[in-house]
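Thanks for coming, everyone. Let me put the structure up, and then I'll walk you through it.

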Amino acid sequence: METTTLSIPNINCNHCVMTVKRESGFVDGVEFVSGDIEGKTATFQVASEQALAALKVTLAEAGYPVA
């Protein structure tokens, strides 16, 4: 697994971070690590490029597109 941090401009509060965490749980090969409200980022462990691509699609569908 590789650690990656994504910029997610729509993160504004703890509820946003919890939503990102919940939605990332639906993607095989992805584990949520942490969210940073001030930095508007989230860090994940991803198993592959395909898992990362699927995560980005899932987050966009949930209203949290990656910048």
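Let's begin with Phe32. At 21% relative accessibility, Phe32 counts as partly exposed. The cut-offs: buried means under 20% relative accessible area, exposed means over 50%, and partly exposed is in between, with a 1.4 Å probe and protein chains only.

Some ground rules. This is a predicted model, where local features need pLDDT of at least 70 and side-chain atom pairs count only at pLDDT 80 or more, while totals for chains, interfaces and linings use all residues. Residues are numbered from 1 along each chain as its sequence is written, and side-chain values use heavy atoms, with hydrogens and water left out.

Back to the ring. Which residue pairs with Phe32? It is Phe44: the ring centres are 5.8 Å apart and the planes stand at 75°, so the pair is edge-to-face. Rings of Phe, Tyr and Trp (its six-membered ring) pair if their centres lie within 6.5 Å; planes under 30 degrees apart are stacked, over 60 edge-to-face, and the rest tilted. The structure holds one aromatic pair. It links distant parts of the chain, with Phe32 in strand E2 and Phe44 in strand E3, twelve residues apart. Phe44 counts as buried, at 0% relative accessibility. Helices (H or I, at least four residues) and strands (E, at least two) are DSSP runs, numbered from the N terminus.

Now the sheet. Three strands form an open sheet in the order E1-E3-E2, and the pairing is antiparallel. Strands pair if DSSP finds at least two bridges between them. At the edges sit E1 (2-7) and E2, each pairing on one side only. From one strand to the next, the twist averages 25°. Axes here are lines fitted to C-alpha atoms, for helices over the stretch in contact, and angles run from 0 to 180 degrees between N-to-C directions.

E3 pairs with E1 over six bridges. E3 also pairs with E2 over six bridges. Five of the six residues of E3 are buried, so the strand is largely enclosed by the rest of the structure.

Next, the hairpin of E2 and E3. Four residues lie between the strands, and Lys40 takes a positive phi near 55°. Most residues other than glycine have a negative phi. Lys40 is partly exposed, at 28% relative accessibility.

On to the helices. H1 lies across E2 and E3, at about 170° to E2. H2 packs on the sheet too, touching E1, E2 and E3, and its direction makes about 30° with that of E1.

Which residues of H1 (14-24) are buried? Cys16, Val17, Thr19, Val20, Glu23 and Ser24. Seen down the axis of H1, they fall within an arc of 160°, so they line one face of the helix. That arc is taken from the directions from the helix axis to the C-beta atoms. On the other side, Asn14 and His15 are exposed. The buried residues pack against E2 (30-36), E3 (41-46) and H2 (49-61). Contact means heavy atoms within 4.5 Å.

Last stop, Ser24. This residue is buried, with a relative accessible area of 1%. A polar atom of its side chain lies 2.8 Å from the backbone oxygen of Lys21. Leaving aside neighbours within four places in sequence, Ser24 is in contact with Val30, Phe32, Phe44 and Leu55. That takes us back to both rings of the aromatic pair, Phe32 and Phe44.

Methods. Polar contact = N/O pair within 3.5 Å; in protein donor to acceptor, adjacent residues only side chain to side chain.
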